[in-house]
Structure formats: structure tokens, C-alpha cells
Amino acid sequence: MLFARAAQRAREIEAFFLGVGAGGVQRKQLDQTGEACWRILEEATGHLRSPATAGQQTVTDANSLLEWLRAKEEKTEGHIVQVEKTLRQLTARR
């Protein structure tokens, strides 16, 4: 169940990326903060796809996986909000 939850979060981030692209915004248009958040989200997506070996950390039990997943969800949410903020600023300048 936790692996499915992690995969779902990865799909949500990928859908966010598709939505940004569909809106006609190119990644190179983001400011430094937006670009940094975008890179972190890309990396997080890979980790969420294989949570048992995420980065250097090995998740071995359900409790540590749940803790890891909650932290990833919280961090990715913050980065999505930051990219959205960057996009709003970008569209306001148009």
C-alpha cells in the first residue's frame, strides 16, 4: 500500500509537469528558484518510483517507509507551490 502511495505521488508530480507544459510554459522560462524546485521534483519522482532504495537511504520497514513518504510528500508539495508561484509571476509579466 505504501509503495502504491509513493507511485501515486510520482504520477501526481508528472501530471503537474504535463500541465505546466500544456500551459505553454517552458522550463527555461522559470527563475532560479523555480528551476531548482523543478529539479528537486524530478529527482523526487525517481525516488518515489523506487522508495525501497531512495537515494542513499535504504528503507527497510513499514514505519521508516511511512516516515520517509510523509517527508517526501511534504517537501514535494512545497516545491510544487513554489513552481506555481514562479509561474504566476511569469504570467503576470506577460
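The model is predicted: local features need pLDDT of at least 70, side-chain atom pairs count only at pLDDT 80 or more, and totals for chains, interfaces and linings use all residues. Residues are numbered from 1 along each chain as its sequence is written, and side-chain values use heavy atoms, with hydrogens and water left out.

**Glutamate 35**
- Glutamate 35 belongs to helix 2 (residues 32-49); helices are DSSP runs of H or I with at least four residues, numbered from the N terminus.
- Its side chain forms a polar contact with the side chain of arginine 27 at 2.8 Å (a pair of N or O atoms within 3.5 Å, one able to donate a hydrogen and the other to accept it; residues adjacent in sequence count only if both atoms are side-chain atoms).

**Valine 83**
- Valine 83 sits in helix 3 (residues 62-92).
- With a relative accessible area of 0%, valine 83 is buried (under 20%, using a 1.4 Å probe and protein chains only).
- Apart from neighbours within four places in sequence, valine 83 is in contact (heavy atoms within 4.5 Å) with Phe16, Gly34, Cys37, Trp38 and Leu41.

**Helix 1 and helix 3**
- Helix 1 (residues 2-22) packs with helix 3 at about 10°, the axes being 10 Å apart; axes are lines fitted to C-alpha atoms over the stretch in contact, and angles run from 0 to 180 degrees between N-to-C directions.
- The two helices are therefore roughly parallel (angles under 35 degrees).
- Residues making this contact include Phe16 of helix 1 and Val83 of helix 3.

How values were computed. Buried < 20%, exposed > 50% of the residue type's maximum accessible area, 1.4 Å probe, protein only. Parallel < 35°, antiparallel > 145°, perpendicular 65-115°, else oblique.
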